Amino acid sequence: MAEIVERSLRSGQREEFDGDVVLIGQLNDGAEVLAGGSVTVLGRLKGCVHAGRDNGGKSYIIAASFESQQVRIGDRLCTLNSASVEWWKKSVIITLEENEFLFREWKLD
Amino acid sequence: MSARVIVITSGKGGVGKTTSTANISVALAKRGKKVVAVDGDIGLRNLDMVMGLENRIVYNYIDVIENNCKLPQALVQDKRLKGYLSLLPAAQTRTKDAVTPEQMIELCDKLRPEFDFVILDCPAGIEGGFRNAAAGADEALVITTPEIPAVRDADRIIGMLESMGKSPIRLIINRFRPIMVQNNDMLSQDDVLDILSVDLIGVVPEDDGVIRASNSGEPLTFEQSTPAGEAYANIAARILGENVPMLQFDANSQSFLSGFKKMFGF
């Protein structure tokens with residue numbers, strides 16, 4: 001069962017969950033979501049997400065619009081900047097493959 | 001009569017809380033409302049200077065809370081708008097710890113029957129001073145400038161005000177410079193609203209008159225002939241529930257000045 005959060009998180013707000021989380025709203029800059037399992041943001045992901053804290057990184061992060069400068073899965077960290085990634089502001093799914101971050105654009109077709 | 005209690009806050013310092021408090025209070029008083037402006041910044045009081053009332057202070061609200069005087073003794077009447085505008089000063093020789101949120105709620109409740117509006121000038125920060133100033137308020141006006149750090153702090157404050165149950169929470173964008181927005185050097189109104197997703201109550205343009213007014217103790221809304229003074233008068237009208245159209249900043253205007261000339265139709 002996933003935890004469903006139906007609001008936006010503003011700067012300074014932090015939500016922590018044991019399992020999977022679905023955020024129906026924006027994750028603003030300066031807000032944090034920490035999850036034991038996977039994190040889905042059905043909005044803009046601008047803040048910080050740490051997924052897979054309890055399962056050694058076997059989790060994913062999905063964002064309807066990816067606009068964050070840092071993501072974490074398990075004990076791995078990835079820093080990004082807006083100019084260098086082609087899927088900025090696009091829908092993405094982020095996983096760990098052999099301990100490396102894999103970003104794929106989330107396309108319907 | 002039971003006053004609407006409105007806190008003016010921002011998180012970040014130096015974005016125009018005190019200036020906005022003074023100007024909105026004057027503008028509401030000019031519209032015939034009984035207004036008291038309360039300086040929430042204990043130990044770093046400024047509102048008295050911006051309103052030009054510093055030399056008239058005898059008591060402050062810490063004296064009221066500690067029963068050193070009665071509330072009417074601490075209120076400083078503004079003679080320019082006699083009977084309509086008062087200042088309730090903070091203590092300069094104390095710190096934020098001198099009061100508790102409960103005492104501020106009690107103070108606001110004492111003011112409510114005497115006024116139409118209680119306007120609370122909040123100190124910068126998210127600690128005790130903010131919590132004290134916000135405690136007694138029903139509504140909030142959040143000030144930001146069109147810069148990322150100010151907008152980020154405004155987002156933080158809006159989150160805290162929401163969880164305190166303040167409503168409505170409305171936004172003022174201060175020190176707006178149309179030319180810089182046109183050149184993509186400044187966040188636009190839409191950029192700011194896109195990040196903060198709250199209702200906008202007004203945009204105040206950058207105006208040299210604000211600095212002159214702070215130094216002279218004569219808030220701009222006494223005159224209203226300046227761009228910022230006009231913007232504050234409009235904000236006051238919107239607080240009163242009037243439907244005043246937002247000033248339109250013309251992106252094609254040749255200069256800052258001609259933009260305002262078009263804006264005000266002269």
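How many helices and how many strands are there in chain A? Zero helices and eleven strands.

Okay, before I go on: what you see here is a predicted model. The predictor gives the complex an ipTM of 0.84 and a pTM of 0.89.

Let's stay with chain A for a moment. A compact globule of 109 residues would have a radius of gyration near 13 Å, and chain A, at 12 Å, agrees with that. Its C-alpha atoms fill a box of roughly 30 × 30 × 30 Å along the principal axes. As for burial, 33% of the 109 residues of chain A count as buried. Now look at contacts between residues at least 6 apart in sequence: in chain A, 11% of them join residues at least 24 apart.

On to chain B. Here we get twelve helices and eight strands. The radius of gyration of chain B is 18 Å, close to the 18 Å from the globule rule for 266 residues, so chain B is as compact as a globular protein of that length. The box for the C-alpha atoms of chain B is roughly 60 × 40 × 30 Å, again along the principal axes. Buried residues make up 50% of chain B. And for that contact question, taking residues at least 6 apart in sequence, 74% of the contacts in chain B join residues at least 24 apart.

Let's zoom in on one pair of helices in chain B. You describe two packed helices by the angle between their axes and the distance between the axes. Helix 7 of chain B, residues 148–163, and helix 9 of chain B, residues 189–196, pack at about 35°, with axes 10 Å apart. The crossing is right-handed. Who meets whom? From helix 7 of chain B we have Val151(B), Ala154(B), Asp155(B) and Ile158(B), and they meet Val192(B), Ile195(B) and Leu196(B) of helix 9 of chain B. By class, that's six nonpolar residues, no polar ones and one charged.

So how do the chains touch? Five residues of chain B are in contact with seven residues of chain A. On the chain B side, that's one nonpolar, one polar and three charged residues.

Last thing, confidence. Chain B averages a pLDDT of 92, and 93% of its residues score at least 70. Watch residues 252–262 of chain B, though: the pLDDT is below 50 there, and the stretch has eleven contacts in the model beyond near neighbours in sequence.

Conventions. Residues are numbered from 1 along each chain as its sequence is written. Chains are lettered from A and ligands numbered from 1 in the order in which they are written. This is a predicted model: local features need pLDDT of at least 70, side-chain atom pairs count only at pLDDT 80 or more; totals for chains, interfaces and linings use all residues. Two residues are in contact if their C-beta atoms, placed from the backbone, lie within 7 Å. Ala, Val, Leu, Ile, Met, Phe, Trp, Tyr, Cys and Pro count as nonpolar, Asp, Glu, Lys and Arg as charged, and the others, Gly among them, as polar. Axes are lines fitted to C-alpha atoms, for helices over the stretch in contact, and angles run from 0 to 180 degrees between N-to-C directions. Helices (H or I, at least four residues) and strands (E, at least two) are DSSP runs, numbered from the N terminus. A crossing is left-handed if the near helix is turned anticlockwise from the far one by less than a right angle, and right-handed if clockwise. The radius of gyration is taken over C-alpha atoms; the globule rule is 2.2 Å times the number of residues to the power 0.38. A residue is buried if 20 or more other C-beta atoms lie within 10 Å of its own, exposed if 12 or fewer, and partly exposed in between; C-beta atoms are placed from the backbone. pLDDT is the predictor's confidence in each residue, from 0 to 100.
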